[in-house]
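Work through the exercises below with the model open beside you. Try each task before reading its solution.

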Amino acid sequence: MSMLRVENLHKTFGEKILFDGLSFTIEVKERIGLIGVNGTGKSTLLKVLAGLEGAEEVKLFHANDFTVTYLPQQPDLTEDRTILEQIYHGESIIMKTMRAYEQALIDLERQPENEQVQNRFMTVQQQMDQESAWEANTTAKTILSKLGIQDVSQQIRALSGGQKKRVAIAEALIRPADLLLLDEPTNHLDHETVEWLEGYLANYKGALIVITHDRYFLNRVTNQMYELDQGKLYQYEGNFETYLQKRAEREELEQQTESKRQNLLKRELEWLRRGAKARTTKQKARVQRAEGLRDEAGLTQKQNLDFSIGSQRLGNDVLELNDVAKSYKGHSLFEHVNYLVVPHQRLGIIGSNGTGKTTLLNILAGRITPDAGEVSRGSTVKIGYYTQDDQEIDGDLKVIEYIKEIAEVVYTADGQTVTAEQMLERFLFPRSMQWTYIRRLSGGEKRRLYLLKVLMGEPNVLFLDEPTNDLDIQTLAVLEDYIDQFPGVVITVSHDRYFLDKVVDHLLYLSGSGDAQRFQGDYSEFLEQKQLQEANQQTVQSENTKGKIKTQQVRKLTYKEKQEWESIEEKMEQLEQQATDVAQAIDQAGSDYTQIEKLLAEKQRLEKALEETMDRWTELSEIVEATKA
């Protein structure tokens, strides 16, 4: 069933055609992955669908009550709000109700004896009942918990970039919508959170469109793939793996069609050159056909990124960490880190947010001094550092000027000379675009340009800090190929499972407890071993628990405890029923606040008694089980 139909979407950016008459339909519960080279308009398409950006021409068909929720790549949050105010922001009745309930709950925890606060809490509880908002509230609490958001009273301005991203994701997921638009939702998320998000989106009630560089995520979440390419939209049924197969088939068919067109054009041109003996209608038609074939636009050749740039010679001494330690605001990130980086190594630094991955990379690069220990660097080491931010990019420079600051000519691995203009073309910056001011580029285009500048410096040790956050999948694929051929050392910080599996063979895991663990292998192998260790720990804990029970076998129920054990379940049932009866009486009390206050006190007494009885049941049942064992 169609929920949204888009017809003849046309949009330009300056002289560039972003969308050339796009038409498509989104069905209920479709999971669409949107991909394309940076600068093709992926984020712009989401903004058009969300109604945040216009177009020269477009027709949208949907129901009157159709709702869209949009998560931008860079969170757009209100700094003076609390997390609570931000995530429950909205004018829908259910959002207002949940916002009021959560605030009343916070107030009650702070002032449990305040009668006015108690009355307010009872009122919003009734509103929650009326709006059937309890299920939505439970879902919201689960989302917040899984995203690591605990204190909802914090101010937005006090949060880090990664925390703001998580708040923005929570806000997007909590809002009920027919169509959910997600722009790079996995940036700044650790592996466990990404896995949870995959499972959550698989059961999302609405349709969704997601832009992401995470190819595992695309493969597990999507059932449709949309590819933007030179103003056109290509649709593929299936996930990312199926898309790769079908795209290869499409391009092969296009090549065959173009080859046939070229052969036919060649024959027709030869006929024209020989000259027609007479101007018959048939011959005139053939002339027109030949001219039409000649003027017809052929298959645009795919531009492929070429990273085969040379690098300076690297000696045997590269980098070594000797008993390195670093703290931040009194918190120890890591200590006693010892690691020897050897030639040709591919090292991934992994760990949860806040464990010091980028800090360690900066220490290796000499940008930060450790609190203790030292870093040794070989005399031949030349570092190329791809950072997370754009602080090194001057928007007032033109594209060609920015690249020529590094070099006007570089040499490939096989000794060929390549000019800066040619390198820009290989990086999908045509000559017409090279005199554009950098400030006019998209975020992804800036990152691709920045990557080119780093590599044109011909480093022999390459540092990559979260390279997958802003690079498109095509660029990542070729970067992975470059790393495979790169003769130097690569050290990367990344959360991207696919990228790490492709490029690293050693891992340094920062656990957050101060230590750094080494692992030889790729990221998937590391996760498998970690899960196995956790399973083994649970088994050991279970066996230890059994052992403790066995040592308590001499402990048996006394005569009084036996009588208590025989009646305790009946007692729990009675308390549960009494608590239910009181809750119903509260609902029926209306505005009689004196009666409600008495009933609330009774309800609290019953709940406390029930909790104590259940604790006693647990204690007695352990003795009974130990006796049986």
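## Exercise 1: a helix residue

Task: Is Thr475 buried or exposed?

Solution. Thr475 has a relative accessible area of 1%, so it is buried. Buried means under 20% relative accessible area, exposed over 50%, and partly exposed in between, with a 1.4 Å probe and protein chains only. Thr475 lies in helix H15, residues 473–485. Helices (H or I, at least four residues) and strands (E, at least two) are DSSP runs, numbered from the N terminus. Leu451 is 24 residues from Thr475 along the chain, and their C-alpha atoms are 9.9 Å apart.

A note on the source: this is a predicted model, in which local features need pLDDT of at least 70 and side-chain atom pairs pLDDT 80 or more, while totals for chains, interfaces and linings use all residues. Residues are numbered from 1 along each chain as its sequence is written, and side-chain values use heavy atoms, leaving out hydrogens and water.

## Exercise 2: strand E19

Task: Which strands pair with E19, and in which sense?

Solution. Start with burial. Strand E19 (residues 506–510) is largely enclosed by the rest of the structure, because 4 of its 5 residues are buried. Next, take the partners. Two strands pair if DSSP finds at least two bridges between them. Strand E12 (residues 346–351) pairs with E19 in the parallel sense, over 5 bridges. There, Leu347 stands opposite His506. Strand E20 (residues 516–520) runs antiparallel to E19, again with 5 bridges. Here Leu507 stands opposite Phe519. Finally, inspect the hairpin of E19 and E20. It has 5 residues between the strands, and Gly512 takes a positive phi near 95°.

## Exercise 3: helix H1

Solution. Gly51 follows H1, with a positive phi near 80°.

## Exercise 4: the nonpolar cores

Task: Which residues have the most contacts inside the largest nonpolar core?

Solution. First, the term: a nonpolar core is a set of buried Ala, Val, Leu, Ile, Met, Phe, Trp, Tyr and Cys residues joined through side-chain atoms within 4.5 Å. The largest one has 51 residues, and Tyr88, Ile174 and Leu201 have the most contacts inside it. Helix H6 (residues 161–174) gives the largest share, 7 residues. A second, separate core has 45 residues, including Val418, Tyr450, Phe499 and Tyr523. Now return to Tyr88. Not counting residues up to four places away in sequence, Tyr88 touches Met95, Met98, Arg99, Glu102, Asn137, Ala140, Leu144 and Ile174. Contact means heavy atoms within 4.5 Å.
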